[in-house]
Amino acid sequence: MRRPFVAGNWKMNGTRAEASRLVDDITSTLSMASHTEVAVCPPFILIPLVAEKLAAGGALALGAQNLSSEAAGAFTGEVSGLMLRDYGCQYVIVGHSERRSLYGEGDDTVARKFAAALEHGLTPILCVGETLAERDADETENVVARQLQAVLERNGVKAFANAVIAYEPVWAIGTGRTATPQQAQSVHAFIRGRLAHADRVVADGLRILYGGSVKGANAAELFREPDIDGGLIGGASLNAVEFVTICQAAAGSEGSK
Ligand code: 13P
């Protein structure tokens, strides 16, 4: 049985006051009775503040948006998994399409970051997904397979027992153009199938999130699909009402996968 999971990727947004209010608003309305796991991934500099608020108790887990592939040393401007763990992070997003396209992170770097996360006791949320040009060229499965293969080769399939995958088609991120439930389900099933070739038990237990313009209004129909285990939420995670509605949609799918 896979436990639904919703993670909010705040991206580069939020002052301390805004972050504080957002966490308060989410935690005060999120149902503790739900079996759905919910995490927030603030920018690095807001992690201490959010960690302190969450230490007081609550239903939220803490994640980061990126990490260095190194543990410590002369890497100016970087933040390591060791440091994130020290602040109580449980999750870290690895290979987000914005890291890949804007900061030149290739498959090998992503695979090394995935390894660094596991090494420091963090659960990587590995992002994969195709651009619009790649989808139009019918390359979606090849691109996703290549992105997965790099991580599999370096880390082995058993590493996915402690990981989460997020399928985020680049054309759906921040565009308001969500993948249809059928489009997303088809890629999620493909991902699970690839991993099942290597290890069926790991593949069956792996949570695969969908990300890309998820909102309160479209979350339930996405999460109803058999291989969609929750969402990685960008814009809508900055609005407590929207985010909690998405979490409730995930809770509505509990026990069905
Ligand atoms: P949006 O939900 O804003 O489309 O962003 C998705 C995303 O990139 C989450 O990591």
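Mentor: We will go through the model one feature at a time. This is a predicted model: local features need pLDDT of at least 70, side-chain atom pairs count only at pLDDT 80 or more, and totals for chains, interfaces and linings use all residues. Residues are numbered from 1 along each chain as its sequence is written, and side-chain values use heavy atoms, with hydrogens and water left out.

Trainee: Which residues are around the ligand?

Mentor: A residue counts as near a molecule if one of its heavy atoms lies within 4 Å of it. Here the residues around the ligand are N9, K11, H96, E168, A172, I173, G174, G212, S213, L232, G234 and G235.

Trainee: What lies 3.0 Å from an oxygen atom of the ligand?

Mentor: First the term. A polar contact is a pair of N or O atoms within 3.5 Å; within protein, one must be able to donate a hydrogen and the other to accept it, and residues adjacent in sequence count only if both atoms are side-chain atoms. N9 has a polar side-chain atom 3.0 Å from a ligand oxygen. E168 also places a polar side-chain atom 3.0 Å from an oxygen atom of the ligand. G174 uses its backbone: an N or O atom there lies 2.7 Å from a ligand oxygen.

Trainee: Which residues lie nearest the centre of the largest pocket?

Mentor: The search runs on a 1 Å grid over the protein atoms alone. A pocket is an open set of points with protein on both sides within 12 Å along at least five of seven lines, and a cavity is a set where a 1.4 Å probe fits but cannot get out. Lining residues have an atom within 4 Å of a point. In this model 20 residues line the largest pocket, and K11, M12, Q65, R99 and Y103 lie nearest its centre. Helix α4 (residues 97-102) gives the most to that lining, with three residues. Helices (H or I, at least four residues) and strands (E, at least two) are DSSP runs, numbered from the N terminus.

Trainee: What is the volume of the largest pocket, and which classes make up its lining?

Mentor: Grid points are joined across faces, edges and corners, and a volume is the space filled by probe spheres set on the points. The largest pocket comes to about 540 Å³. For classes, Ala, Val, Leu, Ile, Met, Phe, Trp, Tyr, Cys and Pro count as nonpolar, Asp, Glu, Lys and Arg as charged, and the others, Gly among them, as polar. The pocket lining has 10 nonpolar, six polar and four charged residues.

Trainee: How many cavities of 30 Å³ or more are there?

Mentor: The count is one. The largest cavity holds about 30 Å³ of space. Its lining residues include R2, P4, D229 and K257. By class, that lining has two nonpolar, two polar and five charged residues.

Trainee: Is K11 buried, partly exposed or exposed?

Mentor: Buried means under 20% relative accessible area, exposed over 50%, and partly exposed in between (1.4 Å probe, protein chains only). K11 counts as partly exposed because its relative accessibility is 21%. K11 lies in the loop between β1 and α1 (16-29). Its phi is near 55°, a positive value in a residue other than glycine.

Trainee: Where does D138 lie?

Mentor: D138 is in the loop between α6 (132-136) and α7 (140-155). Its phi is near 65°, again positive in a residue other than glycine. D138 has a relative accessible area of 69%, so it is exposed.

Trainee: Now the strands. In which sense do β1 and β8 pair?

Mentor: Two strands pair if DSSP finds at least two bridges between them. Strand β1 (residues 5-9) and β8 are parallel, with four bridges. A7 has L232 as its bridge partner in β8. Within β8 (residues 230-233), G230 and L232 point one way, G231 and I233 the other, and all are buried.

Trainee: Which residues of β4 are on each side?

Mentor: In β4 (residues 91-94), Y91 and I93 are on one side and V92 and V94 on the other, all buried. β3 and β4 run parallel, joined by two bridges. A64 stands opposite V92.
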